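I opened my notebook to look up a few strands and how they pair.

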Amino acid sequence: RGESLLFGTKRAADAWCSLSLKVRPSKRIRPSWCSATASLSAPGILARSSADMTLVKECTITLMLRVVAQDRGRRGATLQDCVESGFVKILSIARACVIAFVGLWYSVASVASGAPPLFVLNSLEANVSVIDPVTWTETARIPTGKEPHHLYLTPDEKSIIVANALGDTLTFVDPRTAEVQRTVRGIVDPYHLRFSPDMKWFITAANRLNHVDFYRWDGKDLTLVQRVATSRTPSHLWIDSRSTTVYSTMQDSDELVAIDIATQTIKWRVKTGPMPADVYGSPDGKHLFVGLTGGDSVEVFDISGREAVSVKRIKTGNGAHAFRAAGDGRHLYVSNRVANSISKIDMNTQQVVESYPVPGGPDCMDVSADGRYIYVSSRWARKLSVVDTQAKKVVRQVNVGKSPHGVWTLQHAPR
C-alpha cells in the first residue's frame with residue numbers, strides 16, 4: 001500500500017541508493033533522500049491502470065543504470081561510465097519511461113483536475129457519450145429517450161437537459177458527474193430548446209409536428225402555457241437578450257418566424273434561402289445569422305425595424321448548418337456539413353476570416369474555455385472531432401455513437 005510513484009517501494013528506493021551511484025567521485029546520493037522520495041505514495045490513483053503501473057515500476061533510474069552496468073560487468077558504475085558506454089540504451093529506456101509516465105499522468109490528471117466531461121448526443125442510438133477531456137476517452141454511455149438531438153444547460157447550471165425528440169421526454173443530467181437526475185415526460189417532440197435570458201421561459205421547437213411550445217420554468221418544473229402553430233418543420237431557435245422575441249427557422253417552408261414571448265403570437269415571417277437551420281443573433285441585437293443547409297451560405301437579416309430584411313449572404317460552404325460563438329463577442333463559427341469545414345465569420349464585417357477542414361460532416365459545436373479548441377460532432381463518421389484553431393486542423397478524434405449531433409461541456413467559452 002506504500003507504493004512509490006517512482007520506485008515501487010521504500011525498500012526498492014533504498015536498494016537503489018545502495019548501488020552507490022557516484023554523482024561526483026566525492027559525493028553520493030543520500031539514502032535518506034531516497035527513503036523520503038519513496039514515501040510519495042498514490043496507490044489509489046495508480047490502481048487506475050495496472051499496465052501503466054507495471055511500466056512505471058520498471059522505468060526507474062535503477063533499471064537504466066543496472067542494464068548499462070551489466071554491459072560493463074560492474075554494478076557500481078559511475079554516471080560518466082554509464083553515459084559513455086550505453087548512451088543509446090539509456091535513451092531507448094528513457095523514451096519508454098516517458099511514454100509510460102505520460103500515460104499515467106493523464107490518468108492522475110483526469111482524477112485530480114475535476115474537469116467536467118463533454119457530452120455528445122448519439123441521435124440514432126438513443127444515448128449520450130460521456131467524454132473525459134483529459135484522457136480523451138469515452139467513459140460512459142447514458143441511455144436517453146428516442147432521438148436525442150440537442151441539449152441545453154439549466155439557468156442554475158445544475159443540469160444538462162437532453163431533448164429526446166421521438167421519445168417526447170427530457171433527460172436531466174448532472175453536467176459535472178454525468179449522473180442522470182430525472183426524466184420529464186409529456187414534452188411533445190422537443191427537437192430544439194432554449195431558455196429565455198430572464199430565465200422565465202423554456203421554449204421548444206417541435207420539428208415533426210410544426211409548432212413551437214412555451215413552458216413556464218419555476219426553477220424546477222415545466223408548465224405548458226401555449227402551443228404556437230408555425231410553418232413546416234420548425235428547426236432552430238434564438239431568443240433576444242431582452243427575452244421579448246423568439247426567432248425560429250422553418251426548415252421545409254424556407255422561412256424565418258418571429259414570435260412575441262409575452263403574448264405567444266407570431267409577429268412576422270419572412271422568406272429565407274434553402275433549408276434554413278440554425279439561427280444566431282449579433283451581440284448588438286441588430287442582425288440575425290441563418291445557416292442555409294440547402295445552400296452554401298449564411299444569410300444575414302437586419303431585424304432593427306418592424307420586420308426582418310435580408311441584407312447579405314456570406315458564402316461559407318455547402319451545407320451551412322450550426323453556429324457557435326467564438327467567445328470574443330465578435331466572431332461566429334458555422335459548420336458546413338457537406339463541405340466538411342468550419343468557417344469563422346466576423347459579425348462586424350460580415351465576412352469569413354478563417355476556415356478549418358473537418359471530415360465526416362461537422363455539425364454541432366462547443367468551444368473550449370480558452371477559445372482555442374472547437375469540439376464538433378462529425379455526424380457521418382461517428383466521432384467527436386477536436387479542432388485546434390491555432391494549428392487550423394483537427395488534432396484529435398474520439399469514437400462515439402451513431403449520428404452524433406449535440407455537443408456540450410460546462411467549461412466553455414462565452415456563448
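How many bridges join S16 to strand S17 (residues 265-271)? I found 6, and the two strands run antiparallel. Strands here are DSSP runs of E, at least two residues long, numbered from the N terminus. Two strands pair if DSSP finds at least two bridges between them.

A note on the source: this is a predicted model, where local features need pLDDT of at least 70, side-chain atom pairs count only at pLDDT 80 or more, and totals for chains, interfaces and linings use all residues. Residues are numbered from 1 along each chain as its sequence is written, and side-chain values use heavy atoms, with hydrogens and water left out.

Entry on S16 and S17. I saw Leu256 standing opposite Val270 in S17. The hairpin of S16 and S17 has 4 residues between the strands. In that turn, Gln264 has a positive phi of about 55°.

Entry on S15. Strand S15 (residues 245-250) pairs with S16 over 6 bridges, in the antiparallel sense. Met250 faces Glu255 in S16 as its opposite residue. This hairpin has 4 residues between its strands, and Asp254 takes a positive phi near 50°.

Is S16 enclosed or open? I checked strand S16 (residues 255-260): 6 of the 6 residues are buried, so the strand is largely enclosed by the rest of the structure. Buried means under 20% relative accessible area, with a 1.4 Å probe and protein chains only. Both faces are covered. Glu255, Val257 and Ile259 lie on one side. Leu256, Ala258 and Asp260 lie on the other.

Definitions and conventions: Buried means under 20% relative accessible area, exposed over 50%, partly exposed in between (1.4 Å probe, protein chains only).
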